[in-house]
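Please keep the sequence and the coordinates at hand while reading.

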Amino acid sequence: MNPASGVLLSLAYICGLLLTASLDLATRSVSWQELGVLILGIFVLGIVGAIAIPRFWRTGPKPRLWLAAGLVGAIAPLYFQARVLQPTSNDISQFVRSTNGTVQEQVVTVQGIVQNLPRLTRSSKGQFWLEVKQLNEVESSNQAGVTSKGVTGKLYVTVPLLQATGIYPGQNIAVTGVLYKPKPASNPGDFDFRAYLAREGTFAGFSGRQVSESEEQQARRWGRWVLQQRILRSQVLWLGSPAGALVSSMVLGSRAVDIPYDIRDQFIKSGLAHTLAASGTQTSLILGFVLVLTKRLSVKAQLAFGTIALGIFVALTGLQASVLRAAIMGFGALLALVTQRKVKPLGSLLVAATGLLIFNPLWIWDLGFQLSFLATLGLLVTVPPLTKRLDWLPPAITSLITIPLAAALWTLPLQLHVFGMVAPYSTAANIICAPLIALISLGGIISALAALISPVIGSALAWLLNYPTQLLMALVGFFNRLPGSSVAVGTISLLPLLLIYGLIGISSTRKKLQRHWWMVVLVALSLIAFPLWQTKAAQYRVTVLAAAQEQVLIIQDHGQVTLLNSGEEDTARFTVLPFLQKQGVNQIDWAIALDSQPRLRSGWLQMLESLPVKEFYDSADSLPASANTQGKDAIASSSAIANAVQSQQGDYQSVSVGQTLSVGSTPIELINAQPAVLQLKIQEQMWLLLGEVQPDIQKQLAKTNNLRQIQVLLWTGEPLIPDLLAVLQPKFAIASSSKTVDLDTAQLLRKAKIPLYWTGRDGAIQWTPNGGFETTLEATNNDASLL
């Protein structure tokens with residue numbers, strides 16, 4: 001086949017896989033009609049290309065090749081859907097009990113085979129994948145009876161850390177705990193746990209409480225994991241932690257090594273996350289080392305030793321997309337040595353990507369695969385023109401500059417599309433840290449090979465990397481402490497993303513554009529900045545986030561941001577901060593702390609570590625010091641919050657009952673401090689926020705003249721008395737509760753024809769002046785689902 005034909009067919013296949021995004025095939029079931037429309041549309045594009053393109057590109061591919069490309073592109077979504085795993089009739093997920101859409105918590109025992117070594121989660125639990133074989137349930141009618149069922153499927157299992165000790169891949173175990181269905185992302189910016197599990201072919205999770213060894217015959221304690229653990233223990237022995245774990249991760253990849261989350265977060269924030277993933281850097285070092293050692297041997301011997309080295313590396317790290325891509329590229333370079341032909345790197349990269357996506361088409365939506373592919377493409381396409389421009393520098397220094405710069409240039413747009421964050425010093429950090437990364441990676445590989453023979457020798461060699469590793473971690477910390485080390489610019493949409501990549505690709509191959517590189521940069525920045533600026537300037541939106549037990553409300557008022565409540569520390573870290581970062585928020589203009597429970601206020605310190613607050617209002621200071629233990633604790637926590645705000649040059653104030661705050665264009669009045677009762681005037685609409693208000697306090701509020709008729713009621717989902725609803729007469733009601741909504745209250749609202757939104761069912765609720773209310777999750781508004 002002509003190489004150009006292969007390139008066109010490969011591109012058609014990859015584009016066909018990318019078009020599956022329109023149906024979200026990886027995370028939901030679609031009808032044959034939807035899939036048929038997509039396939040037919042792709043094939044029609046092939047027919048149009050076969051007719052129209054040869055008329056303008058006479059030296060290009062023939063019409064039949066365009067037809068073939070259309071056919072390949074049309075087959076890609078069909079193949080993708082065929083490879084997406086769906087739960088079978090006896091899949092373990094089918095046995096999650098629920099009533100009216102609400103999952104019942106029932107303790108069961110599952111038996112199966114462990115698929116991987118347990119990993120440490122952020123909540124300090126052990127996590128592993130379990131291939132299930134049997135489910136044991138206690139009959140509700142007879143607590144002494146146990147029903148055993150043969151089941152299939154894979155479970156995402158978390159257990160207490162002590163229970164995870166000693167578990168190894170291939171082991172038959174029984175785990176007692178609770179089955180649950182994974183939840184989709186309830187808030188914009190949240191991690192989509194259900195989609196993640198679906199891509200792994202898993203449709204249920206298991207919260208384990210106790211692990212016991214199954215009575216079935218156990219597998220032998222042998223496998224790749226034994227070698228990985230031998231290397232890890234050897235390198236940690238004399239290097240200690242986290243330095244030893246960091247070196248092992250640079251050799252084996254972060255999937256094989258548990259790095260402390262604080263170290264991992266530091267590398268991610270500085271733009272050095274690729275350091276923790278065994279991929280192209282390690283592959284090039286391995287091949288370079290082998291070729292140096294075998295330079296006096298024949299070319300065929302070099303090919304043999306290089307292939308063996310790549311095979312050992314892939315076997316140790318596992319079937320990771322980035323490793324396989326790098327190994328295939330490296331093998332292509334080695335093969336070129338034997339055939340005495342010049343390597344075509346772009347063709348090799350395309351062959352590697354196509355081969356990997358045939359092996360597993362779901363990798364097309366793996367972010368690690370995408371970033372790895374783009375970084376490699378940047379090295380192949382952009383490094384040569386950059387090197388020519390910097391030819392006045394020594395070659396070693398030129399490569400230190402051009403390689404990180406090209407990789408950053410090609411990965412930045414995708415990072416903005418997914419995360420909306422920029423690390424301004426990442427390129428400088430990569431340039432400065434590149435020699436250390438190469439030294440540690442190469443030394444770690446030599447130490448790992450020695451550890452397979454003698455752990456003591458491996459430890460001794462790893463110890464020599466102590467100072468370079470400590471220096472690398474110190475540099476990462478230094479860059480993260482610099483002002484503006486992480487900037488939220490907001491996520492960019494798909495169209496600007498494609499335009500930017502097209503601009504980068506054309507400018508990398510066209511010398512005329514390379515001479516006017518500053519114009520290319522200006523246009524690319526405009527494609528990013530102008531839409532984001534226009535959105536912020538015109539945006540007015542109120543968002544009620546779906547949190548566990550907290551009422552978290554965010555007002556975005558033409559670029560100014562008001563935050564009511566932070567929630568717990570995990571809520572602030574995994575819900576509030578990701579939402580604000582994807583909105584391009586780098587400062588909170590007004591923050592109001594209403595919760596008096598210290599646990600529900602703990603997120604403020606987490607928020608203040610990441611975002612400065614211009615003005616902070618705290619209602620806890622208005623409580624009497626002798627109110628109760630909870631009130632005293634809340635007042636005590638205010639001191640830490642006040643110090644954090646003032647250290648940022650912010651203004652900390654206490655707010656008292658009856659006080660009205662002028663927060664941008666939104667007047668806010670505190671009616672009651674504990675529990676919180678707050679009135680907000682949002683775009684000529686009155687909103688009322690009710691905390692956990694007991695019925696006796698509700699009666700008092702209904703009798704006073706402080707409350708007015710409102711348009712929107714935001715409350716915790718607890719029971720509301722009819723008298724209070726009669727006084728308020730809301731037009732809409734929002735229940736911020738992750739568990740349930742009081743059914744009697746829901747029926748009262750239904751009788752009054754008041755639409756009810758519930759964060760536990762609908763996800764985050766957003767309101768805009770023109771669009772009204774929108775929910776994050778699709779839901780059916782019925783009282784049964786509120787049970």
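The second largest cavity has a lining of 4 nonpolar, 4 polar and 1 charged residues, where Ala, Val, Leu, Ile, Met, Phe, Trp, Tyr, Cys and Pro count as nonpolar, Asp, Glu, Lys and Arg as charged, and the others, Gly among them, as polar. The lining consists of K269, S270, A423, P424, Y425, S426, F479, N480 and S485. This cavity holds about 30 Å³ of space. A cavity here is a set of points on a 1 Å grid over the protein atoms alone where a 1.4 Å probe fits but cannot get out, and lining residues have an atom within 4 Å of a point. Grid points are joined across faces, edges and corners, and the volume is the space filled by probe spheres set on the points. By this rule there are 2 cavities of 30 Å³ or more.

The model is predicted: local features need pLDDT of at least 70 and side-chain atom pairs count only at pLDDT 80 or more, while totals for chains, interfaces and linings use all residues. Residues are numbered from 1 along each chain as its sequence is written, and side-chain values use heavy atoms, with hydrogens and water left out.

Consider next the chain as a whole. Along its principal axes the C-alpha trace spans about 95 × 70 × 60 Å. The chain contains 29 helices and 26 strands, defined as DSSP runs numbered from the N terminus (helices H or I, at least four residues; strands E, at least two). Of the 787 residues, 48% are buried, with buried meaning under 20% relative accessible area, exposed over 50% and partly exposed in between (1.4 Å probe, protein chains only). Among contacts (heavy atoms within 4.5 Å) between residues at least 6 apart in sequence, 66% join residues at least 24 apart.

How many salt bridges does the structure hold? There are 7, each being a side-chain nitrogen of Lys or Arg within 4 Å of a carboxyl oxygen of Asp or Glu. One of them joins R122 and D265, with the closest N and O atoms 2.8 Å apart. Because R122 lies in the loop between β4 (119-120) and β5 (125-138) and D265 in helix α8 (residues 261-269), this pair ties together parts 143 residues apart in sequence. Both partners are partly exposed, R122 with a relative accessible area of 37% and D265 with 30%.

A salt bridge also links K149 to E137, the closest N and O atoms being 2.9 Å apart. K149 is in strand β6 (residues 146-150) and E137 in strand β5, so the parts tied together are 12 residues apart in sequence. K149 is partly exposed at 28% relative accessible area, whereas E137 is buried at 4%.

R601 and D618 form a further salt bridge, at 2.8 Å from N to O. Helix α23 (residues 598-601) carries R601 and strand β16 (residues 613-618) carries D618, so this pair ties together parts 17 residues apart in sequence. Here R601 is buried at 2% relative accessibility, and D618 is buried at 0%.

T562 belongs to strand β14 (residues 560-564). T562 is buried, at 3% relative accessibility. Beyond its neighbours within four places in sequence, T562 contacts L553, I554, I555, W590 and V663.

Note on methods:
1 Å grid on protein atoms, 1.4 Å probe; cavity = no way out; pocket = protein on both sides within 12 Å on 5 of 7 lines; lining within 4 Å.
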